[in-house]
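User: I have a model open and want to learn how to read its features one at a time. Can you take me through it, starting with a loop residue?

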Amino acid sequence: MREAYQVAAVRAAERALMELVPAGALMGRAAAGLASVCASLLAQYPGRVYGTRVVVLAGSGDNGGDALYAGALLAGRGAAVTAITPGSRAHAGGTSALRAAGGRVQATPDGATPDGATPDRAIGRADLIIDGLLGIGGRGGLREPFAGLAQQAEQARQAGATVVAVDLPSGIDADTGAVDGPAVRADVTVTFGAIKPGLLIDPGAGHAGTVELVDIGLALNGPAAISPQRHDISELLPRPGPESDKYRRGVLGLLAGSDRFTGAALLSTGGAVHGGAGMVRVVTAQAAAALVRQVWPETVLTVHPDDLDWDLIGSVGRVQAWVAGPGMGTGPDAVARLTAILGTDLPVLVDADGLTILSQVKELLPRAAPTLITPHAGELSRLLGTDGRSVEARRLEHARRAADQLGVTVLLKGSTTIIVSPADSADPGSQPVLVNPTGTPWLATAGSGDVLSGLAGALLAQGLEPAQAGLAAAYLHGLAARLAAAPDPDSGEAPIGASDLVRALPAAFRSL
C-alpha cells in the first residue's frame, strides 16, 4: 500500500522528530534526496550533471530552502544553477549555501540575476527547473509573481525542460488535490517523509507527474488515503477452495439492460462472469435476454414483465448480492424493480440508470445493508444537486459529502477513481479514502462502466465489503484496459472498446 497523510499529521511528525535530531538535519535529508533525484534526471545529458543548466524557483519557506540546498549540491557537481527568489525574502541558509557552491541568486529589484539574465530567459534556457515556490500549507491558486513563474516553467517544460516539484507542485491543495487557479505542472514530484493525498487524487495528481518519496524518518499513523499495489489486490481477491461450489462462490443478481440498451446487459454480465462469481442471475428485458443467452449461456435468465406489482425477489431465486442499473431504464417499472432490490438486506451496487432514479427518488437511501454506488462526476452531481465541473475540481470533497449524506460507499469514477466510505461517527478519521492507481484514458469509452459494475458486483457476492469490492474491481478494470490497449509492450497501444475489457479480465486476474 502507498499511504498518504494529511498536512497536519505530517507537520506534527516533523515537530516530534526535530526535537530529537540536530537543527537543520531534516532539511539536509530532504535536500540530499531531492538533489539525488535531480541528478538522476540530468543523467540523460552528455556530461551528466556537469555543465547542465538548473533553475531553482525558491519561495521563502522550507520548500524554498530545500530547493536552494539541493541547488547547492548540484552546483557542487558542476551544474550551472540560477535561483530565482520572487518573494520578499529567501531562505538565508540555502541562499548562502548556493552562493558558496558557485550558484547565482536573483538579487536586483528588476528581477535580473547578477549576470544580467532575466528570470524568463534563465527559465527558458534551463534543462531542469526545481519548483520550491510554496509548501504543503499553500491554499488556492498561485498569485503573481509566482503565477507568472509557473507559466514560464510550463513553457520551458513544453520545450523539453524537466520540472521537479519540491514536496508537491506549487498551487495544489496537499490534502485534497484541488487546484483553484494557476499551479505548477511537474514531471516529477519529490515528496518528503510521506505522500500527501493531493499527489494521488486529481486534479492535483495530474500536476504531480511521477511521485518519488524520500524517507526522512517521520513516524506516522492513520493515513488519510491509501493506494494499493499489485500484491495488496491479490490478497483481497477470493479464491475457490476444495469445498467450493457455485453457491459458496457467490451468486450475483444482475438487473441490467432493456429492449433499447441490450449492450449494457451483455457488458455487465461479462464483467460479472469474469469476476469470479459462482453464478450470475440476470434479470432483463426480452430483447436483451436473447442476446445474453447467446453470449453468456452460463447465466440464469429471468425476463421481467412490464408490471409494477411483479415479485422480482421471489421470482429470481437466491442471490448473495445485487447489481442494479446499467441500461435498465428509469420509468415507473424500473423504479419499482430498484425499490424491491434496495428493500432487501443484501449488499447492493447501484450504477447508471439506477443512480438517475436515486437522484429523483431520494427516499430510497440510506438503507441498513451494505451499499456501493459507482457514479461518474455528472451522476454524482445530480445526486448532490451541484454541477459536474465542481465535482471534477474537488473530487474528494464531493465523494465524502455523498458518502456521509447518502450513507453509502461511493466509488467516484474518473481520471483517478476514488472510493470513500461513510464516516464512523465514533472515529471520523478511521475510513481513509482509497485511490486506484491503474486508471488509464483508454477507459473513457462507452460501456466500460457497465463492465466495472458487473465485476464489482461479483466481488460483493463473494463476500467482499463494498470498499474492498470497489477497490479491487477498479484496479482490475484499469489493468484490463492497459492489457487490452497494449497486449504486447513492444507494439504500442491501440484504441479499445468495452468488450475488449471483458476479454482482458482473465489476463488481469492472472497477472496478480
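User: Where does proline 326 lie?

Analyst: Proline 326 sits in the loop between S13 and H12. Keep in mind that this is a predicted model.

User: Is proline 326 buried or exposed?

Analyst: Read the relative accessible area. Under 20% counts as buried. Proline 326 has 0%, so it is buried.

User: What does proline 326 touch?

Analyst: Set aside residues up to four places away in sequence. Proline 326 then touches Leu255, Ala256, Gly257, Ala264, Ser268, Asp351, Ala352, Asp450 and Ser453. Proline 326 and serine 258 are 68 residues apart in sequence, yet their C-alpha atoms are 9.1 Å apart in space.

User: Alanine 352 is on that list. What is its phi?

Analyst: Start with the general idea. Most residues other than glycine have a negative phi. Alanine 352 has a positive phi, near 50°. This alanine lies in the loop between S14 and H13. With a relative accessible area of 15%, alanine 352 is buried.

User: Where is aspartate 167, and what is its phi?

Analyst: Aspartate 167 is in the loop between strand S6 (162-166) and S7. Its phi is positive, about 75°, although it is not a glycine. Aspartate 167 is also buried, at 5% relative accessible area.

User: Which residues does a cis peptide bond join?

Analyst: Again, the general rule comes before the case. Most peptide bonds are trans. Here a cis bond joins glutamate 144 and proline 145, with omega about 0°. Proline 145 is in the loop between strand S5 (128-132) and helix H6 (146-158). A cis bond also joins aspartate 202 and proline 203, with omega about 5°. Proline 203 belongs to the loop between strand S7 (188-192) and helix H7 (204-208).

User: How many residues of helix H13 (residues 353-360) are buried?

Analyst: Seven of the eight, so H13 is largely enclosed by the rest of the structure. The buried ones are Asp353, Gly354, Leu355, Thr356, Ile357, Leu358 and Ser359.

User: What covers the buried residues of H13?

Analyst: Look for the elements in contact with them. The cover includes strand S13 (321-324), helix H12 (332-342), strand S14 (348-350), strand S15 (371-373) and helix H14 (377-384).

User: Now the cores. How many residues are in the largest nonpolar core?

Analyst: In soluble globular proteins, nonpolar side chains tend to be buried together. The largest nonpolar core here has 95 residues, and Ile130 and Leu358 have the most contacts inside it. Helix H2 (residues 25-42) gives the most to this core, with eight residues. A second, separate core has 52 residues, among them Ile226, Ala277, Ala288 and Ala458.

User: What is isoleucine 130 in contact with?

Analyst: Leave out its neighbours within four places in sequence. Isoleucine 130 is in contact with Leu34, Cys38, Val54, Val55, Val56, Leu57, Ala67, Leu74, Val164 and Val166.

User: At what angle do helix H17 (residues 448-461) and helix H18 (residues 466-485) cross?

Analyst: Roughly 135°, with the axes coming within 8 Å. That angle makes H17 oblique to H18. The crossing is right-handed. From H17, the contact uses Ser448, Val451, Leu452, Leu455, Ala456, Leu459 and Leu460. From H18 come Pro466, Ala469, Ala472, Ala473, Ala474, Leu476 and His477. By class, this contact of H17 with H18 has 12 nonpolar, two polar and no charged residues.

User: How do helix H9 (residues 262-273) and helix H19 (residues 498-511) pack?

Analyst: Their angle is about 15°, and their axes are 9 Å apart. Angles under 35 degrees count as roughly parallel. That makes H9 roughly parallel to H19. H9 passes H19 in a left-handed crossing. Leu267, Gly270 and Gly271 of H9 meet Ala498, Ser499, Val502 and Leu505 of H19. The contact of H9 with H19 divides into four nonpolar, three polar and no charged residues.

User: Last one. Where is threonine 440, and what is it in contact with?

Analyst: Threonine 440 lies in the loop between strand S18 (433-435) and H17. Its relative accessibility is 14%, so threonine 440 counts as buried. Beyond its neighbours within four places in sequence, threonine 440 is in contact with Gly478, Ala481 and Arg482.

Key: Residues numbered from 1 in each chain as written. Predicted model: local features only at pLDDT ≥ 70, side-chain atom pairs only at ≥ 80, totals over all residues. Heavy atoms only, no water. Axes fitted to C-alpha atoms, helices over the stretch in contact; angles between N-to-C directions. Helix = DSSP H or I, 4+ residues; strand = E, 2+ residues; numbered from the N terminus. Parallel < 35°, antiparallel > 145°, perpendicular 65-115°, else oblique. Left-handed = near helix turned anticlockwise from the far one by under 90°. Contact = heavy atoms within 4.5 Å. Nonpolar A, V, L, I, M, F, W, Y, C, P; charged D, E, K, R; others polar. Core = buried A, V, L, I, M, F, W, Y, C linked by side-chain atoms within 4.5 Å. Buried < 20%, exposed > 50% of the residue type's maximum accessible area, 1.4 Å probe, protein only.
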